[in-house]
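Let us walk through this structure step by step. Keep the sequence and the 3D view side by side as you read.

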Amino acid sequence: MIRIFATAAAVAVLAGCATTQSTPPTFAGCRTWEQQAGSPQLSSVAVLSPELAKVIGVQEVSTSRTGSGMAAVQTTVYNCSDVDVVLTMRTRFTGDRGQSEPPSVWKTVFLAPRGQATYGESAISQATNKVAVDIYDGNRGQSQFAPGQTYQVPPR
């Protein structure tokens with residue numbers, strides 16, 4: 001009987017020490033979008049999901065011109081967690097007089113645990129001289145980190 005109470009007390013103490021959160025924990029040293037937001041070199045990127053901002057980061061955004069002179073963008077994103085993450089990404093195109101063409105279609109990008117991927121898109125209008133990239137949750141508005149789902153945060 002005493003062993004049962006001692007075990008129950010130990011479990012209660014350990015449970016009280018465990019911290020949970022609604023998104024997977026990130027590994028040490030990985031800069032998430034939440035930490036990067038506002039960086040001038042990433043100003044053309046918008047992460048449209050607060051949950052994603054806590055688990056992904058943007059390594060770089062580079063713009064260039066294709067051989068035919070069209071604007072192009074490449075964006076490298078990475079996963080700061082130990083779970084698969086699914087993103088959808090698209091590019092918005094503008095010129096001197098506002099939107100120069102419709103946004104690209106949403107493309108699905110898979111990020112393996114601690115992995116990275118590169119997304120790219122090219123304009124089809126000569127009037128395009130600026131591009132911006134939108135990153136959204138791959139489940140289209142429903143967080144892949146389900147409400148009520150919790151992740152154990154390892155002790156540091």
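The torsion about the S-S bond of cysteine 30 and cysteine 80 is about -70°, so the disulfide is left-handed. This link joins distant parts of the chain, as the two cysteines lie 50 residues apart. Cysteine 30 sits in the loop between strand S1 (19-21) and helix H2 (33-36). Cysteine 80 sits in the loop between strand S4 (71-79) and strand S5 (85-95). Keep in mind that the model is predicted.

How many disulfides does a search of the whole structure find? The search finds one. Are cysteine 30 and cysteine 80 buried or exposed? Both cysteines are buried.

Now turn to a sheet. Strands of a sheet pair through backbone hydrogen bonds, either parallel or antiparallel. In this model, three strands form an open sheet, in the order S3-S4-S8. Their pairing is antiparallel. Which strands are at the edges? They are strand S3 (56-65) and strand S8 (116-122), and each pairs on one side only. On average, neighbouring strands of this sheet are turned by 15° against each other, with direction ignored.

Look next at S3 and S4. These two strands run antiparallel and are joined by nine bridges. Take isoleucine 56 as an example: its bridge partner in S4 is asparagine 79.

Notes:
Residues are numbered from 1 along each chain as its sequence is written. This is a predicted model: local features need pLDDT of at least 70, side-chain atom pairs count only at pLDDT 80 or more; totals for chains, interfaces and linings use all residues. Side-chain values use heavy atoms; hydrogens and water are left out. A disulfide is a pair of cysteine sulfur atoms within 2.5 Å. Helices (H or I, at least four residues) and strands (E, at least two) are DSSP runs, numbered from the N terminus. Buried means under 20% relative accessible area, exposed over 50%, partly exposed in between (1.4 Å probe, protein chains only). Two strands pair if DSSP finds at least two bridges between them. Axes are lines fitted to C-alpha atoms, for helices over the stretch in contact, and angles run from 0 to 180 degrees between N-to-C directions.
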